[in-house]
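Student: Could we go through this structure together? Please begin with the terms.

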Amino acid sequence: MTFEEVLVLVWRQSLVDSSSNVRVGRKKFPVRTTAKRKLKQIDFEFEGRQLRGLEQNPDTKSRWAKMAREGKKVMQFLENHKYVAVVVDGETKSYR
């Protein structure tokens, strides 16, 4: 699988399928919710990279939040506390 395919896989399992665990290859990672906003969050590993998928907070001023308010399923992905990509309704956009 490519990096982009894994991001879409995590996005689909957590936001579309509402799974309580995300499976990447042979490993399972729990889907948690953030304390304040109850947004879905997944810490997972792919090819030695430690990543986090975070459901977009619709109450911010970003264009991604606007899409979330419009009903699109938006998940941001971070590596080392930096945003690296976003998946919106199954489409990936890399920040690198």
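Tutor: Buried means under 20% relative accessible area, exposed means over 50%, and partly exposed is in between (1.4 Å probe, protein chains only). This is a predicted model, in which local features need pLDDT of at least 70, side-chain atom pairs count only at pLDDT 80 or more, and totals for chains, interfaces and linings use all residues. Residues are numbered from 1 along each chain as its sequence is written, and side-chain values use heavy atoms, leaving out hydrogens and water.

Student: How many salt bridges does a search of the whole structure find?

Tutor: The search finds 7. A salt bridge is a side-chain nitrogen of Lys or Arg within 4 Å of a carboxyl oxygen of Asp or Glu.

Student: Which side chain meets D43 at 2.8 Å?

Tutor: That of R32, in a salt bridge (N to O). D43 lies in strand 3 (residues 40-46) and R32 in strand 2 (residues 27-33), so the pair ties together parts that are 11 residues apart in sequence. Helices (H or I, at least four residues) and strands (E, at least two) are DSSP runs, numbered from the N terminus. D43 also forms a salt bridge with R52, at 2.6 Å, N to O.

Student: And how exposed are D43 and R52?

Tutor: D43 is partly exposed at 28%, and R52 is partly exposed at 32%.

Student: New topic: where is H81?

Tutor: H81 sits in the loop between strand 5 (74-79) and strand 6 (82-88). Its phi is near 65°, a positive value in a residue other than glycine. H81 is exposed, with a relative accessible area of 78%.
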